[in-house]
Amino acid sequence: MGCWAKLKSSGWAYPTTVLCFYGFFAYCRVAEPFLTPYLIGPYKNISGEVVTNYLFPIWTYSYLAFLFPIFLLTDFLRHKPLIMIQGLSLVTNYVLLCFAPGLPAMIFLQINYAVVSSTEVAYLSYIYSMISVENYQRATGYLRSAMLAGYTFGASLGQVLVSLAELDYFYINAVTLGFVSMAFLITFWLPMPQRSMFFEGKTAAALDLQSQQEGPVGADRPEELVMDNGEAGSGKEKMEGNGSTGWCSRKNVAAAGRLLWQSFRESYSSRNLIYWSLWWALATAGYVQVFNYIQLMWDHIEPSDTSSIYNGGVEAACSLLGAAAAFSVAHIKVTWSVWGELALGLFSSVAAGAVFLMAYTSSIWVCYAGYIIFKSCYMLLITITTFQIASNLSMECYALTFGINTFVALSLQTIMTAIVVDKTALGLDIVTQQQVFCWKTNSEM
């Protein structure tokens with residue numbers, strides 16, 4: 001009990017620890033590597049064509065629709081409510097997978113999973129509204145490690161249950177339901193942030209008045225946002241003197257709008273930052289497209305109903321190699337501002353070659369190897385890109401850049417899905433899709 005009280009009294013350790021536990025259980029999705037075999041198998045009995053050309057595109061369209069409103073809502077509601085919604089949506093997802101029959105339930109599942117995906121920004125940004133700047137790097141490392149540990153453990157456990165215990169996919173989904181239910185319960189122990197980055201309520205209005213007197217808000221903004229009680233009281237008096245009514249007041253919304261616009265201008269003021277952001281958007285669009293449909297490709301090469309599959313082992317290997325790559329970026333003494341573009345070109349070419357290999361091979365093991373190479377290269381390069389962008393921006397600008405780049409990536413992926421995948425357009429089969437994505441990825445990278 002003494003250790004728990006000490007942890008709670010610490011400024012940054014308690015919220016970081018609770019969020020790490022949430023991240024581990026939320027990303028411990030034992031059944032995720034086996035989603036496609038479960039959907040097209042006897043439990044759901046949905047054809048591969050319907051899954052490819054009808055069901056999965058619904059997630060893409062819904063994710064795009066939810067992403068930017070939830071990004072703003074996350075900051076307005078100060079993160080915790082959106083993390084709770086993510087946890088509840090995960091529970092709903094696996095309840096539907098376990099117990100809801102029929103195609104309409106799976107359509108709702110895709111929309112619900114889009115909520116899970118779009119609220120991920122709340123998990124990734126929550127901690128920055130709770131701790132001081134000097135603890136950002138440590139906390140970020142712990143949170144990423146918790147996500148990685150959960151995903152690796154879940155994928156490995158799923159593979160063990162499928163290959164050694166020969167457990168049915170239904171029970172694997174039930175195990176996953178237990179993990180995500182634990183994640184949802186943990187959200188109740190998260191402390192509520194007292195501030196946000198853009199919608200600051202009374203603090204924002206006070207800062208807005210200050211910015212009008214002193215000039216634009218720049219890269220020092222994070223220091224200004226951490227106000228002690230005396231400063232907060234001063235802000236309150238200023239607010240009352242100017243007739244503001246708090247969070248939803250016209251002045252607060254106007255102040256948030258100005259802060260968003262200033263952050264946008266700062267974020268994309270440099271040509272190098274624009275180049276890095278463009279690569280981020282293009283590479284992420286290609287990665288998500290490959291990731292979404294790779295299980296269907298594996299099932300085409302080696303049908304899951306007649307062969308042993310190792311999807312969980314492959315995903316676990318990807319996570320470990322990607323973690324090693326990201327760790328090397330953080331700790332190897334390389335001037336990434338000088339060598340980053342060379343690494344970008346070199347590993348992008350390797351990743352493009354791996355996609356080409358996956359698209360044209362008839363061997364499941366070659367396809368597995370190509371996917372491991374592709375995903376590891378992407379995780380390495382996205383880490384370099386994140387470092388390059390974040391090192392030149394304030395936290396507000398980085399959060400806005402993350403949201404905009406993700407939105408652009410998802411918009412590109414939606415266009416690809418609407419043209420190539422959706423049954424109302426070309427509706428190509430999975431092999432032809434992968435070949436199209438192969439040439440697209442090669443042209444981008």
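Both Lys-375 and Glu-315 are buried (under 20% relative accessible area, with exposed over 50% and partly exposed in between, using a 1.4 Å probe and protein chains only). This is a predicted model, where local features need pLDDT of at least 70, side-chain atom pairs count only at pLDDT 80 or more, and totals for chains, interfaces and linings use all residues. Residues are numbered from 1 along each chain as its sequence is written, and side-chain values use heavy atoms, leaving out hydrogens and water.

**Salt bridges**
- The structure has two salt bridges, each a side-chain nitrogen of Lys or Arg within 4 Å of a carboxyl oxygen of Asp or Glu.
- Lys-375 and Glu-315 form one of them, at 2.9 Å from N to O.
- Lys-375 sits in helix H17 (residues 364-390) and Glu-315 in helix H15 (residues 311-331), so the bridge ties together parts 60 residues apart in sequence; helices are DSSP runs (H or I, at least four residues), numbered from the N terminus.
- Arg-29 pairs with Glu-32, their closest N and O atoms being 3.5 Å apart, and both residues are buried.

**Aromatic rings**
- There are 24 aromatic pairs, meaning rings of Phe, Tyr and Trp (its six-membered ring) with centres within 6.5 Å; planes under 30 degrees apart count as stacked, over 60 as edge-to-face and the rest as tilted.
- Trp-298 and Tyr-371 are edge-to-face, because their centres lie 5.2 Å apart with planes at 90°.
- Trp-298 is buried, with a relative accessible area of 2%, and Tyr-371 is buried at 0%.
- One aromatic cluster is formed by Tyr-38, Tyr-43, Phe-99, Phe-170 and Tyr-171.

Notes: Helices (H or I, at least four residues) and strands (E, at least two) are DSSP runs, numbered from the N terminus.
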